[in-house]
Amino acid sequence: MLQACSFQSSDGKHTYTITQNITCNSIGVVYYAVCPCGKIYVGLTSRPLKNTRVPRHFKRRHNSNAKLLKVIGIDKVYIDQRGGNWRKNLAQLEAKWIFKINSVQPHGLNEVLSFAPFL
């Protein structure tokens, strides 16, 4: 995992600032992974960020060599002490970033942009 203070959209035209304090042990994180071929994948994890599963494309095309994949935590959902559905909030946050940075194929590695978390 890389420490970064910003990241770019898939076309490189927009730069976004990371405003959350995210470490490799953070949970409830939306992450940004850059493949060696330059394509971007946006994912989420409810586990510690260091235990993130790699995108299918990366496994197939780059033999899952972890040294080649650059992962950055870009946003985080905090668990509300009063309850609430933080997993739904995390899925909504992931969808927001997939849309914002345009990481759906063919521009990026995300296969779909689901609006289901908003329903």
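**Strands side by side**

Guide: V30 stands opposite D75 in β5. This is a predicted model, where local features need pLDDT of at least 70 and side-chain atom pairs count only at pLDDT 80 or more, while totals for chains, interfaces and linings use all residues. Residues are numbered from 1 along each chain as its sequence is written, and side-chain values use heavy atoms, with hydrogens and water left out.

Visitor: What makes β3 and β5 a pair?

Guide: Two strands pair if DSSP finds at least two bridges between them. β3 and β5 have six bridges and run in the antiparallel sense, so they meet the rule. β3 also pairs with β4, again antiparallel and over six bridges. In that pairing, Y31 stands opposite G43. The two strands β3 and β4 make a hairpin with five residues between them, and G38 in the turn has a positive phi of about 95°.

Visitor: How many helices and strands does the chain have?

Guide: There are two helices and five strands, in the order β-β-β-β-α-β-α from the N terminus. Both kinds are DSSP runs numbered from the N terminus: helices are H or I of at least four residues, strands E of at least two.

**Buried and exposed**

Visitor: Why is Y16 called buried?

Guide: Buried means under 20% relative accessible area, exposed over 50%, and partly exposed in between (1.4 Å probe, protein chains only). Y16 has 15%, so it counts as buried. W97 has 6% and is therefore buried as well.

Visitor: Why is C5 called exposed, and why is C37 called partly exposed?

Guide: C5 has a relative accessible area of 58%, which is why it is called exposed. C37 has 43%, so it is partly exposed.

Visitor: What makes β4 a mostly covered strand?

Guide: In β4, five of its six residues are buried. β5 is mostly covered too, with six of its seven residues buried. Over the chain of 119 residues, the buried share is 39%.

Visitor: Which residues touch the most other members of the largest nonpolar core?

Guide: This core has 17 residues, and those with the most contacts to other members are F7, V30, Y32, V42, I74, W97 and I101. A nonpolar core is a set of buried Ala, Val, Leu, Ile, Met, Phe, Trp, Tyr and Cys residues joined through side-chain atoms within 4.5 Å. At least two residues come from each of β3 (29-34), β4 (40-45), β5 (70-76) and α2 (86-101). Helix α2 gives the most, with six residues. Apart from this core lies another, of 10 residues, among them V29, A33, Y41 and L109.

Visitor: Which residues does I101 touch?

Guide: Leaving out residues up to four places away in sequence, I101 touches F7, S9, S10, Y16, Y32, I40 and V42. A contact here means heavy atoms within 4.5 Å.

**Rings**

Visitor: Why is the pair of F7 and Y16 called tilted?

Guide: Rings of Phe, Tyr and Trp (its six-membered ring) pair if their centres lie within 6.5 Å; planes under 30 degrees apart count as stacked, over 60 as edge-to-face and the rest as tilted. For F7 and Y16 the centres are 5.6 Å apart and the planes stand at 35°, so the pair is tilted.

Visitor: What makes the pair of Y16 and W97 edge-to-face?

Guide: Its planes are at 80°, with 5.4 Å from centre to centre. Y16 is in strand β2 (residues 15-17) and W97 in helix α2, so this pair ties together parts 81 residues apart in sequence. F7, Y16, Y32 and W97 form one aromatic cluster, and the count of aromatic pairs is five.

Visitor: What joins Q105 and P106?

Guide: A cis peptide bond, with omega about 10°. P106 is in the segment after α2, and N102 is also in the segment after α2. N102 has a positive phi of about 55° although it is not a glycine. With a relative accessible area of 35%, N102 is partly exposed.
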